[in-house]
Amino acid sequence: MSGEEGHDETTAAAAATKGGSAAAERMGVVRYDVGAGFREADDWVALERPLTIVLDGAEFATLVCTPSDMEELVYGFLASEGIVRRADEVATLAIDEASGFARVALRNPQAAGKDAVSKRFIGSCCGKSRQFYFLNDARTARTSTSAATVAVRQCVERLRELEDASEAFRLTGGLHNAALCTPERLLFARSDIGRHNALDKLYGRCLLDGIPTRDAIVAFSGRLSSEVVLKVAKLGAAVVLSKSAPTTLAIELARDLGITAVGFIRGQSLNVYSHAHRIRES
């Protein structure tokens, strides 16, 4: 093994394991290359594991996720579903990665929303046209009133920083990435096989560290779906950036929820689909 190969292996192993939890592992494959034919090889593959949240002694939800930053994921998911609003509303949290269970006890076992996680709800709110798939979405999505602005150059830079921070994605090609940013810099990034999980991990970190999100920017690696916009609204951020396309419902929700949705950020060009007053030329 050459020195360069050794460095690549070290870098890959560090990216695949974060905070003692794995995001990827090496697996045997049969590789075909033109001129070389078939050969046995190893490849980095994104880990996928179920995590069942047991809330106050009862099974609450099972998430299929990347087993990294799992404490953040649980906190963010509970907050996103409206079960908690602050980290101190959780009395205890014990995660057993081997068995795939996260056992949570709330300080208030009668917390609202525990029975509405999977209940469908489609309706209007405050006379507007916004529509939600689930009852808890209507309860927890926040309308942004932030006066923050961000320059086109900063949008491009923050998305580039997200890509640079995504070594695990480059290894596997199978992860979504999300980052919390200010206009000036990327604060931290999280990865997961589930785009919603990556955003919940951001939310969980914000709760645990008391990070304000009113003027925050979310940089995201994938398509801007309605689910992504709802997660951004629940987190409380004002702007979401992506190099990919939005959907029609995502744009409608972003407009109703006061969120600036920016897509197709490529080179020095971008599309602003809602609340363009927050994006300035320089």
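Just after H2, Gly82 adopts a positive phi of about 80°. The model is predicted, so local features need pLDDT of at least 70 and side-chain atom pairs count only at pLDDT 80 or more, while totals for chains, interfaces and linings use all residues. Residues are numbered from 1 along each chain as its sequence is written, and side-chain values use heavy atoms, with hydrogens and water left out. Helices (H or I, at least four residues) and strands (E, at least two) are DSSP runs numbered from the N terminus.

An open sheet is formed by six strands in the order E11-E10-E12-E13-E14-E15, with mixed pairing; two strands pair if DSSP finds at least two bridges between them. Strands E11 (186-192) and E15 (269-272) are the edge strands, each pairing on one side only. On average, neighbouring strands of this sheet are turned by 20° against each other, direction ignored.

E10 and E11 pair in the antiparallel sense over six bridges, and a hairpin of four residues joins E10 to E11. Leu180 stands opposite Phe188 in E11. E11 is mostly covered, with six of its seven residues buried. Strand E14 (residues 260-266) pairs with E15 in the antiparallel sense over three bridges. Arg266 has Ser269 in E15 as its bridge partner.

Helix H4 (residues 152-164) packs on the sheet, in contact with E10 (176-181), E11, E12 (217-220), E13 (239-242), E14 and E15; contact means heavy atoms within 4.5 Å. The direction of H4 makes about 50° with that of E12. Axes are lines fitted to C-alpha atoms, for helices over the stretch in contact, and angles run from 0 to 180 degrees between N-to-C directions. Helix H6 (residues 195-209) also packs on the sheet, touching E10, E11 and E12, and its direction makes about 140° with that of E11.

Key. Buried < 20%, exposed > 50% of the residue type's maximum accessible area, 1.4 Å probe, protein only.
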